[in-house]
Amino acid sequence: MQVNRSKFKEKLNETLKAVFPILAIVLLLCFTIAPIPPSILMCFLIGALLLIVGMLLFNVGVEMSMTTMGERVGTIMTKSKKFFVMIAIGFIMGFIITISEPDLQVLAEQVASIPNMVLILSVAAGVGVFLVIALLRMLFSIALPNLLVFFYAIVFILTLFVPKDFLAIAFDSGGVTTGPMTVPFIMSFGIGIAAIRSDKHASDDSFGLVSLCSIGPIMAVLILGMIYNPGQSEIVSDSIPVVDNTVDLWGLFASGFPTYITEMAVSLLPIVIFFGLFQMASRDISKKALIKIGIGLIYTYVGLVLFLTGVNVGFMPAGNYLGQTIAGLSFAWIIIPIGMIIGYYIVKAEPAVFVLTKQVEEMTSGAISAKAMGTSLSIGVCMSVGLAMVRVLTGISIMWLVVPGYAIALILTFFVPKIFTAIAFDSGGVASGPMTATFLLPFAMGACGARGGNIITDAFGIIAMVAMTPLITIQTMGMVFKIKESRLRRKVSGRKVYVPLEEFGDMEIIEL
């Protein structure tokens with residue numbers, strides 16, 4: 001019991017540190033340059049309370065359940081050494097987990113010209129295929145940069161055949177589908193596979209699964225765009241609730257709870273069934289461990305219900321209204337620095353970011369600290385939101401930012417230690433989670449509407465930008481590590497025998 005209390009206390013401190021800056025920024029704006037109705041402010045505050053409790057339960061639950069489940073599946077599956085069984089299980093797992101992702105339902109609703117089920121199944125199949133590719137990369141030690149360059153080249157070729165109005169949504173899909181359900185399971189799955197390898201690059205290769213899985217949805221949605229030729233008919237919901245009294249206020253949240261209770265039950269059920277069948281076949285986990293996983297799943301379920309209700313009912317209207325108000329000012333340019341400040345802090349409240357930074361710190365034995373990871377992610381998202389606000393004000397095409405951005409990120413992959421490339425591209429999918437979809441996207445939509453812009457082309461794409469910039473900032477951190485290592489080596493070589501760089505593993509470089 002004492003262990004549980006200490007764990008809850010630790011997670012509560014992390015959650016409060018992540019959420020408090022966003023609360024402070026929004027309240028400061030509300031009482032200065034961007035006044036909002038009291039009803040929306042109350043929705044935001046109640047949503048923040050639900051978010052804090054939800055994140056707390058989610059983070060504890062994931063550590064107890066999803067992480068253990070993913071690692072065990074990865075380890076047992078790889079130990080079987082049955083190649084085609086591993087491929088089949090990898091595809092099925094990627095397919096099932098993607099269908100379980102609640103943000104995918106939101107994406108499907110935004111693309112009216114493509115049937116919901118067609119889009120969901122296509123994206124799920126895309127993730128399944130790329131999870132198999134990621135699995136093969138780990139098993140055969142294929143270099144991640146080469147795969148990233150190859151598949152992103154295909155993505156950008158496909159953009160030439162898709163309506164321009166659809167490109168922003170297509171790139172957003174890569175970030176949307178790697179959310180709080182997908183990331184913990186897939187990342188721990190990679191760690192489980194790497195655990196049975198004994199070579200020096202095993203820990204490096206445990207990362208990179210999320211990065212490849214993020215390409216599948218983009219490619220799938222672009223192909224659907226070529227088939228269905230979608231355009232300006234997309235559905236965009238920017239309604240702001242009007243609440244006259246406390247009963248109506250409670251009614252908003254009361255109507256949201258059943259929706260997310262059902263959604264999360266549907267989301268978790270396929271994963272539970274898959275793991276149950278896997279356990280029945282392998283019988284590799286003790287009864288005590290299974291009970292712990294069950295309790296963790298309950299925490300995860302309740303946490304996500306509270307989190308999603310809080311951000312969808314409380315944060316979305318506040319983000320939309322703030323965007324409208326700030327963009328309507330005579331000095332509308334101020335939305336750029338405000339957006340950057342919000343972006344810097346909001347990524348810290350993404351549920352999957354906790355999972356990523358913790359696993360990176362553990363797998364690198366503290367060489368890459370959670371604090372350094374968090375700072376790099378915050379800088380990346382700060383830059384991306386600033387660029388997204390520039391797009392809102394100017395209406396420039398997302399391709400003018402995405403093409404050079406990914407070009408820089410892909411070029412860097414050939415000059416930084418492998419582990420930084422894998423972590424960087426994983427971070428892109430992790431950073432663009434539900435906080436981005438339910439606060440930053442409505443913020444951009446509200447600002448775009450106030451400026452009279454095209455919401456589909458100018459507001460959408462912010463998720464894609466948030467997914468792109470961490471690729472550059474974290475690899476830049478890798479370059480700093482490499483430069484420091486080179487200086488240290490030159491200093492050592494003056495006293496001892498010089499050791500060629502090739503003889504050092506990536507983990508040894510980091511430790512230096």
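This is a predicted model: local features need pLDDT of at least 70, side-chain atom pairs count only at pLDDT 80 or more; totals for chains, interfaces and linings use all residues.
View 1. Which helix gives the most to the patch? That's helix α11 (residues 209-228), with four residues. Tyr228 is a residue of helix α11.

**View 2. Helix α4 packs with helix α12.** Here α4 covers residues 83-100 and α12 covers residues 246-282. Their axes are 7 Å apart, and the packing angle is about 155°. Because that angle is over 145 degrees, α4 counts as roughly antiparallel to α12.

**View 3. A closer look at who meets whom between α4 and α12.** On the α4 side you'll find Ile89, Ile92, Met93, Ile96, Ile97 and Ser100. Across from them, α12 brings in Ser267, Pro270, Ile271, Phe274 and Phe278.

**View 4. Glu63 and Lys11 form a salt bridge.** The structure holds one salt bridge, and this pair makes it. The closest N and O atoms of Glu63 and Lys11 are 3.0 Å apart. Glu63 belongs to helix α2 (residues 38-64) and Lys11 to helix α1 (residues 2-30), so the pair ties together parts that are 52 residues apart in sequence.

How values were computed. Residues are numbered from 1 along each chain as its sequence is written. Side-chain values use heavy atoms; hydrogens and water are left out. Axes are lines fitted to C-alpha atoms, for helices over the stretch in contact, and angles run from 0 to 180 degrees between N-to-C directions. Helices (H or I, at least four residues) and strands (E, at least two) are DSSP runs, numbered from the N terminus. Angles under 35 degrees count as roughly parallel, over 145 as roughly antiparallel, 65 to 115 as roughly perpendicular and the rest as oblique. Contact means heavy atoms within 4.5 Å. A salt bridge is a side-chain nitrogen of Lys or Arg within 4 Å of a carboxyl oxygen of Asp or Glu.
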